[in-house]
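Keep the structure open as you read.

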Amino acid sequence: MSEQSKTEEPMPLYEVFIRPKAGLSHKHVGSLHAIDDTMALHMARDVYTRRAEGVSIWVVRSNLIAASDPVDKDMLFEPTASKIYRHPTFYEVPEEVGHM
Amino acid sequence: MSADAPLFTYCLRLADSALVLGHRLSEWTAYAPTLEEDIAIANLALDLIGQARLFYDYAGKIEGQGRDEDALAYLRDDRDYMNLLLVEQPNGDFAVTMMRQFLYAAFAVPYLAALTRSKDETLAAIAAKAEKEMAYHLRHAGEWVIRLGDGTEESHARAQAALDDLAIYIDEFFEVDAVEQSLIDAGIAPDPASVRSAFEATLAHVLGEATLARPAVRTGQSGGRKGLHTEHLGHLLAEMQVLHRAHPGANW
């Protein structure tokens with residue numbers, strides 16, 4: 001076993017992403033503790049795909065994710081509320097295009 | 001002995017090993033070291049109990065006496081059970097459970113792969129399903145054996161002790177009696193000798209990574225195929241069968 005897989009914490013936290021089927025994106029489904037990356041994939045398979053939820057799994061150490069600060073919520077997200085013209089809802093979709 | 005008697009016996013042996021190991025694993029439910037492993041072990045247990053049901057169901061049909069899977073699982077005593085001795089061994093600590101699972105899966109994977117080529121189509125179909133499940137058991141238990149063996153001083157000592165205790169049950173995997181020989185000759189059962197090299201290669205690889213030493217075994221323990229068990233099986237069956245025996249035909 002490589003030194004890298006012997007992590008400093010015995011059971012670090014991982015975030016789990018599942019692709020429900022081919023063509024769809026991986027989606028965050030939850031988190032778990034595991035001894036290393038390989039075992040995190042095992043645990044994700046056992047904990048989150050028991051009812052045929054997916055065809056592919058990603059796991060990533062939670063402390064490797066850079067996250068926005070909740071304190072910045074207003075600064076980051078509020079300005080978009082007044083810019084409804086960014087939503088493509090002002091266009092008439094021709095009948096022939098069908099469901100988009 | 002009817003012409004189908006060896007096949008009936010053979011199906012029961014496969015079923016008994018799967019059920020007893022599945023039941024052992026189910027004993028971990030709500031006790032496993034972590035929530036994640038608790039669910040993982042329950043999944044392994046369910047795989048094995050599912051395999052047992054298929055083998056029992058087929059055995060009951062071959063016998064033709066109207067015994068269903070419940071009758072075969074819950075209404076036979078320990079002397080009638082023909083599972084491998086390895087699978088009835090108590091859970092011990094986590095290292096014992098994972099080592100037991102690893103040894104069984106290391107044999108089951110190549111053995112079931114060979115059984116998929118059986119001339120008996122039902123057995124071949126059950127083996128095809130079971131082989132995929134056991135491949136995951138082998139990977140999961142094998143990865144744990146590596147991490148426990150090549151882990152801390154304590155986990156290494158526990159994994160080595162588990163291997164030392166369980167190694168005496170390995171040779172029984174490869175025993176062939178008259179019942180099995182007749183099915184091997186008929187192309188229905190695989191010859192376990194044909195999967196020994198695959199089994200040994202798996203052990204050498206995983207135990208090597210785990211820095212564990214395979215103990216020398218002078219005389220392997222056997223007898224499970226003849227219904228001669230260690231003292232542990234009776235207790236396991238008592239707990240597993242009590243509900244069905246107290247309330248025959250009980251249903252959810």
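How many salt bridges does a search of the whole structure find over all chains? The search finds 17. Keep in mind that this is a predicted model. One of those salt bridges joins Arg147(B) to Asp36(A).

**The salt bridge between the chains**

- Side chains of opposite charge can pair when their charged atoms come close.
- In the pair of Arg147(B) and Asp36(A), the closest N and O atoms are 2.6 Å apart.
- The pair crosses between chains. Arg147(B) sits in helix 6 of chain B. Asp36(A) lies in the loop between strand 2 (27–33) and helix 1 of chain A.
- Between chain A and chain B, the count is 1 salt bridge.

- The size of an interface is often given as the accessible area lost when the parts come together.
- Chain A and chain B bury about 1,500 Å² between them. Carbon and sulfur atoms carry 60% of that area.
- Chain A gives 15 residues to the contact, and chain B gives 15 residues.

**Helix 1 of chain A against helix 6 of chain B**

- Two packed helices are described by the angle between their axes and the distance between the axes.
- On the chain A side, the meeting residues include Met39(A), His42(A) and Asp46(A). On the chain B side, they include Tyr136(B), Trp144(B) and Arg147(B).

**Helix 1 of chain B against helix 5 of chain B**

- Helix 1 of chain B (residues 5–26) packs against helix 5 of chain B (residues 94–115). The angle is about 150°, with the axes 12 Å apart.
- These two helices of chain B are therefore roughly antiparallel to each other.
- Helix 1 of chain B passes helix 5 of chain B in a left-handed crossing.
- Among the residues that meet are Tyr10(B), Leu14(B) and Leu21(B) from helix 1 of chain B. Helix 5 of chain B brings residues including Thr97(B), Tyr104(B) and Leu115(B).
- This contact divides into 8 nonpolar, 3 polar and 2 charged residues.

Methods
Residues numbered from 1 in each chain as written. Chains lettered and ligands numbered in written order. Predicted model: local features only at pLDDT ≥ 70, side-chain atom pairs only at ≥ 80, totals over all residues. Heavy atoms only, no water. Axes fitted to C-alpha atoms, helices over the stretch in contact; angles between N-to-C directions. Helix = DSSP H or I, 4+ residues; strand = E, 2+ residues; numbered from the N terminus. Parallel < 35°, antiparallel > 145°, perpendicular 65-115°, else oblique. Left-handed = near helix turned anticlockwise from the far one by under 90°. Contact = heavy atoms within 4.5 Å. Nonpolar A, V, L, I, M, F, W, Y, C, P; charged D, E, K, R; others polar. Buried area = accessible area lost by both parts, 1.4 Å probe. Salt bridge = Lys/Arg side-chain N within 4 Å of Asp/Glu carboxyl O.
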